[in-house]
Amino acid sequence: MAIVFKQETFRNDFSYRNSPENIRRFPFPFDRDEYMYSVNMEPHVHGRAGTVYESLIDVDEHYVAEMHDRALVLKEDPLRYQALPHMMSAQWDTLELLMEEQAAGYPDHFTLIRNGDQWRWINRPLGIDDSFTFGDASTLPYEPFEYITRQAQGDFCIVDQRDSNLWMDAGMVTTQADWSLDFDIGMNFMEWHGPVPLAHQIGVFDRALKFLLNLQQGKPTRRFNWTMTINPRLDTSPENYHKWGPDRTTVTPDNVGEKVHLRVELQSLWRLPRSNAILFVIRCYLINMEELVTVPKWARRFPRVLRTLPPELIDYKGLTRFRETTIDWLSKYDDGAPTSPGIYPD
């Protein structure tokens, strides 16, 4: 089925909104009424129709607007895309994977035609129709990784595996939750996760690294991460903190519903075939509180989750200034009834 793409913004007037259909497919990350860090990995397989799991690389109504916002970020700050020289094989792996998945999941919008190393890629939503030689970067307008990630929602990092560790050696990062590719490029797994509280002490990252070092080709895995954002702003990078940081002081009881957003990352990890690197896909979804409470189960659960957060997580996720105001606003939608297990609406 063809998707109707929205024209909207993630800056200035913040016209981004979810349709009722998109609210129902939002990847609400809480399967119970409390939250604590865990590895929470599961196989990244096709899921039920009408959810973000229907296709392994998700495309939704915000696709065109998100790609426009990515282009704006890259124009302002080209270092949001970086790839170290030894990652070219992994770049081609990534291009192949994303083209295959988008064409398979959304044939009305994307077509990939291959004749040996002569490829043709048609992206109808963005008006792209390019023929190129697979393996020859000179036949594309950008490096292969940059070319395809200018056409895919979410952020993308390629991590190289060596010395029993994972190293962030390439990335396209324009929708991140307060971390910097320019700072983290070349770091290993433990170094770039260094600022995360509590998880190191309970061994989350030791277990995650061991798991990922053994990730098999053809068996991608996924997990959720989440935070909260004021206004539907995709680019909450440290480089632009002066633009979005002050937003946290603007929340009042009267504007919680519109301004406060749950920001969810559906993170998937793929072993790449030629390079043996791992592609880390960080797909960002935003929903404001007015939209969230249209699903009664989520309206009950989310304030309960916010109440149970340990102080370290409240501070790390930057919720201190508006958490209590948000809980108060949400509480009128929590009638105290039990919530069913799992993340899906009842």
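This dialogue walks through a few features of a predicted model and how to read them.

Biologist: What kind of model is this, and how are its residues numbered?

Modeller: This is a predicted model, in which local features need pLDDT of at least 70 and side-chain atom pairs count only at pLDDT 80 or more, while totals for chains, interfaces and linings use all residues. Residues are numbered from 1 along each chain as its sequence is written, and side-chain values use heavy atoms, with hydrogens and water left out.

Biologist: Which strands form the open sheet, and in what order do they stand?

Modeller: Two terms come before the case: helices (H or I, at least four residues) and strands (E, at least two) are DSSP runs numbered from the N terminus, and two strands pair if DSSP finds at least two bridges between them. Here seven strands make an open sheet with antiparallel pairing, in the order S1-S8-S9-S10-S6-S7-S2. Strand S1 (42–43) and strand S2 (81–83) stand at the edges with a single partner strand each, so one side of each has no neighbour in the sheet.

Biologist: How many bridges join S10 to S6 and to S9?

Modeller: Strand S6 (residues 155–162) is joined to S10 by five bridges, and the two run antiparallel; Val159 stands opposite Ile278 in S10, and Asp155 stands opposite Ile282. Strand S9 (residues 260–271) is joined to S10 by eleven bridges, again antiparallel, with Leu269 opposite Phe280 and Arg271 opposite Ile278. S9 also pairs with strand S8 (residues 221–230) in the antiparallel sense over ten bridges, where Asn225 stands opposite Glu265 in S9.

Biologist: Is S10 buried or exposed?

Modeller: A residue is called buried under 20% relative accessible area, exposed over 50%, and partly exposed in between, using a 1.4 Å probe and protein chains only. Eleven of the eleven residues of S10 (residues 278–288) are buried, so the strand is largely enclosed by the rest of the structure. Both of its faces are covered, with buried residues including Phe280 and Cys284 on one side and Arg283 and Tyr285 on the other.

Biologist: Which residues have a positive phi, and where do they lie?

Modeller: Most residues other than glycine have a negative phi. Phe14, although not a glycine, has a positive phi of about 50°; its place is in the segment before helix H1 (20–24), and at 12% relative accessibility Phe14 counts as buried. Asp163, also not a glycine, has a positive phi of about 55° and lies in the loop between S6 and strand S7 (165–172), but at 67% relative accessibility Asp163 counts as exposed. In the hairpin of S9 and S10, which has six residues between the strands, Asn276 takes a positive phi near 65°.

Biologist: Which residues does Phe134 touch?

Modeller: Contact means heavy atoms within 4.5 Å. Phe134 lies in the loop between strand S5 (128–133) and helix H4 (144–149), and Phe134 is buried, with a relative accessible area of 16%. Leaving out residues up to four places away in sequence, Phe134 touches Trp92, Leu95, Glu96, Asp117, Trp119 and Arg274. Trp92 is 42 residues apart from Phe134 along the chain, yet their C-alpha atoms are separated by 7.6 Å.

Biologist: At what angle do helices H11 and H13 pack?

Modeller: Axes are lines fitted to C-alpha atoms, for helices over the stretch in contact, and angles run from 0 to 180 degrees between N-to-C directions. Helix H11 (residues 296–308) and helix H13 (residues 323–331) pack at about 150°, with their axes 9 Å apart. That makes H11 roughly antiparallel to H13, a label for angles over 145 degrees, whereas those under 35 are roughly parallel, 65 to 115 roughly perpendicular and the rest oblique. Among the residues that meet are Phe302 and Leu306 in H11 and Ile327 and Leu330 in H13.

Biologist: Which strands does helix H3 lie across?

Modeller: Helix H3 (residues 88–105) lies across S2, S6, S9 and S10, and runs at about 135° to S6.
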